[in-house]
Amino acid sequence: PNEITVGELASRMKKSPAEIIKKLMLLGIMATVNETLDFDTASLMVEEFGGIVEKEIILTDEEILFDDFEDTAEQLKPRSPVVVVMGHVDHGKTSLLDAIRDTNVTEGEFGGITQHIGAHRVRVGEKKITFLDTPGHEAFTAMRARGALVTDIAILVVAADDGIMPQTIEAINHAKAAEVSIIVAINKIDKDGANPDKVKQELMEHGLVPEEWGGDTICVEVSAKKRQNIKELLEMVLLVAEMKELKANPDRKAKGTVIESQLDKGRGSVATVLVQNGTLHVGDYVVAGTASGRVRAMNNDKGKSVKKAGPSIPVEILGLSEVPEGGDEFYVVEDERKARSVVENRKFQEKKEKQKSATAISLDNLFEQI
Ligand code: GDP
Ligand code: MG
């Protein structure tokens, strides 16, 4: 039913017809009790009185994801691993990420300065590894909570002179809960007082039994500072990745996660996304949280403009209407109409939730006063 009489509307809103008629008059609409109002006018009335309208939802997320078909075995192709570096503060996460980048640069594969987009790829022989960067401490915590969904392998950094600390345990628990494989990098082995065996002993106490002691936890002794054993560590990452047989279908619409985002003065909404399945192209219509839009341009982690990005590849995208949140899922939809529908629907749901909680609060206040 796309129309309703003034009388019917009034009774549903628990108002008198006179109140509705008066409001309508203020808007320049002359109506009687038996007059029918169209959907838009009726919605307007409800909103004028502070209510919310259950709009007809044009398309739900589920309907759009309906084409979220299963990939067949033939469609699935190997993809590179996505890795996150975790560990206690000051144990060397940032230094290790720097060392990994350096190793890559000295190999002469990609010269030049690496762009900071929140993730980067390194080449090891014929293969590649995607690293999610964990900038500030805050971002690290958020990334860890959400990152678990997008990462395949966690490198757990433990300083050989300090051993397992509270945040090390927290990281172990996060990785275990998310069923992410853990590789331990026992760092700072160049330091006096470094005791890798003590670290291994402590790891055992937390259920991570080192390989050399009969378990299945790979431990690599490294020095991020002296750039020792970095290559060995990367090779172990590839070994673990190979055992996991990581695959994705590059021949479908892209889907993935927002890694980080910002509002740039000149470029507008800038978001780094990690493609997890499919291939993202310039010109695609994307939905991410309550942001949508057409991908206007894409840059890779080396700051180079690219036209497409396949599975496990992080890219910075321009062209979204708003700034999505880190951790938001993104996916490509067929056209602008679909993109808008999903976003409008999400915003509407959000508004409804907000109004619901606002009502709850005012009711609480009311009871307090009694
Ligand atoms: P994060 O808090 O885990 O990111 O740790 P950082 O990478 O910032 O490192 C903390 C401190 O440890 C810095 O002063 C680093 O220079 C130092 N550090 C990191 N790795 C090593 C290492 O392999 N050997 C030594 N001697 N110092 C290191
Ligand atoms: Mg750091």
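Tutor: Let's start with a term: a polar contact is a pair of N or O atoms within 3.5 Å; within protein, one of them must be able to donate a hydrogen and the other to accept it, and residues adjacent in sequence count only if both atoms are side-chain atoms. With that in hand, look at asparagine 277, whose side chain makes such a contact with the side chain of aspartate 71, at 3.0 Å.

Before going on, a word on what you're looking at. This is a predicted model, in which local features need pLDDT of at least 70 and side-chain atom pairs count only at pLDDT 80 or more, while totals for chains, interfaces and linings use all residues. Residues are numbered from 1 along each chain as its sequence is written, chains are lettered from A and ligands numbered from 1 in the order in which they are written, and side-chain values use heavy atoms, with hydrogens and water left out.

Back to asparagine 277. Find strand β12, residues 268-277, and you'll see asparagine 277 in it; helices (H or I, at least four residues) and strands (E, at least two) are DSSP runs, numbered from the N terminus. Asparagine 277 counts as buried because its relative accessibility is 16%, where buried means under 20% relative accessible area, exposed over 50% and partly exposed in between, with a 1.4 Å probe and protein chains only.

Now step across to lysine 255, which sits in strand β11 (residues 255-264). Lysine 255 and asparagine 277 are 22 residues apart in sequence, and their C-alpha atoms are 5.4 Å apart in space. Lysine 255 has a relative accessible area of 28%, so it's partly exposed.

You'll find aspartate 152 in the loop between α6 (137-150) and β7 (153-159), and it counts as buried because its relative accessibility is 9%. The side chain of aspartate 152 has a polar contact with the side chain of arginine 79 at 2.9 Å, and a polar atom of that aspartate side chain lies 2.8 Å from the backbone nitrogen of valine 82.

Finally, have a look at ligand 1. Of the 15 residues around ligand 1, Asp90, Lys93, Thr94, Ser95 and Asp190 come nearest; a residue is near a molecule if one of its heavy atoms lies within 4 Å of it. Helix α5 (residues 93-106) gives the most to this shell, with 3 residues. Oxygen atoms of ligand 1 turn up in several pairings: one lies 2.5 Å from a polar side-chain atom of serine 95, one is 3.1 Å from an N or O atom in the side chain of asparagine 187, and one is 2.9 Å from a polar backbone atom of alanine 224. Taken alone, ligand 1 exposes 580 Å², and the protein buries 74% of that; these accessible areas come from the Shrake-Rupley method with a 1.4 Å probe.
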